Amino acid sequence: SPALFESRGPAVPPPPPISSPAHAGEHPRMPSYRKTRQLSEVDAAYIAGLIDGEGTIGLVRKHRNEYRQLGVLISSTELPLLEFVRTVCGTGYISRKKTTQSHHSQSYTYALYNRQALDLLTQVHAFLRTYKRARSAIILKDYLAVTPRNGKYSPQLLERKRAFEREFLSIKANMRQIPDSP
């Protein structure tokens, strides 16, 4: 009866229609993510140098039973340096590493994952000079094709993902040849 609903207080307004300006051009349930800013050539080269020297381009598991995710990480004892990278990129976060010995300096890690990491690699790839260039090349070539946004893998796609991971993880430091393009 209408009296029953009135006793509970005001009704909750319905969600906005899908065609509202807030959702223009987007699927209402599609997650959005902050894109890495467009870097200047100088900043892209500088960040590539940091990745080559103090960084990692990896496929990481945040939890034991999860599929591997793309991660770009840079570690340093210089917090202002990592804050600069985060400011220039407009994405990522900085975490403090645990210090195990009293004579060790405090260190930090700047981290980007998944699409944001892919955005960054797209911009810095041409400036990478170590084996990380080969890792970046395979990521740029194959990562999106073997990584569904919803995280659901068919048996065939899962096998392709595992083959991709094996190829990626076989690329290690001291490689003799570094490919020139993605």
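This is a predicted model: local features need pLDDT of at least 70, side-chain atom pairs count only at pLDDT 80 or more; totals for chains, interfaces and linings use all residues.
Four strands form an open sheet in the order β1-β2-β4-β3, and their pairing is antiparallel. The edge positions belong to β1 and β3 (93-96); each has a single partner strand, so one side of each lacks a neighbour in the sheet. Direction ignored, neighbouring strands are turned by 30° against each other on average. In general, the strands of a sheet pair through backbone hydrogen bonds, in a parallel or an antiparallel sense.

β4 (108-113) pairs with β2 in the antiparallel sense over 6 bridges. The pairing of β3 and β4 is also antiparallel, over 4 bridges. Some of the residue pairs that involve β4 are listed below.

| Residue | Opposite residue in β4 |
|---|---|
| S75 | T109 |

Of the 6 residues in β4, 6 are buried, and the strand is described as mostly covered. Side chains of a regular strand alternate between the two faces of the sheet. In β4, Y108, Y110 and L112 point one way, while T109, A111 and Y113 point the other way. Both sets are buried.

**The nonpolar core**

The largest nonpolar core contains 35 residues. Those with the most contacts inside this core are L39, I47, I51, L70, L120, V124 and I139. At least two core residues come from each of these helices: α2 (41-54), α3 (79-89), α4 (114-124), α5 (132-142) and α6 (155-169). The strands β1 (55-60), β2 (69-76) and β4 (108-113) likewise each supply at least two. In soluble globular proteins, nonpolar side chains tend to be buried together.

What does I47 contact, leaving aside its neighbours within four places in sequence? I47 is in contact with L39, V85, V88, C89, L120 and V124. Among these partners, L39, L120 and V124 are also listed with the residues that have the most contacts inside the core.

**T36 in the loop**

T36 lies in the loop between α1 (2-6) and α2. Why is T36 classed as buried? T36 has a relative accessible area of 8%, and the class applies because this value is under the 20% limit.

The side chain of T36 reaches the backbone oxygen of Q116 at 3.1 Å. Not counting residues up to four places away in sequence, T36 touches C89, T91, Q116, D119, L120 and Q123. C89 and L120 are in contact with I47 and also with T36.

Notes: Residues are numbered from 1 along each chain as its sequence is written. Side-chain values use heavy atoms; hydrogens and water are left out. A nonpolar core is a set of buried Ala, Val, Leu, Ile, Met, Phe, Trp, Tyr and Cys residues joined through side-chain atoms within 4.5 Å. Buried means under 20% relative accessible area, exposed over 50%, partly exposed in between (1.4 Å probe, protein chains only). Contact means heavy atoms within 4.5 Å. Two strands pair if DSSP finds at least two bridges between them. Axes are lines fitted to C-alpha atoms, for helices over the stretch in contact, and angles run from 0 to 180 degrees between N-to-C directions. A polar contact is a pair of N or O atoms within 3.5 Å; within protein, one must be able to donate a hydrogen and the other to accept it, and residues adjacent in sequence count only if both atoms are side-chain atoms.
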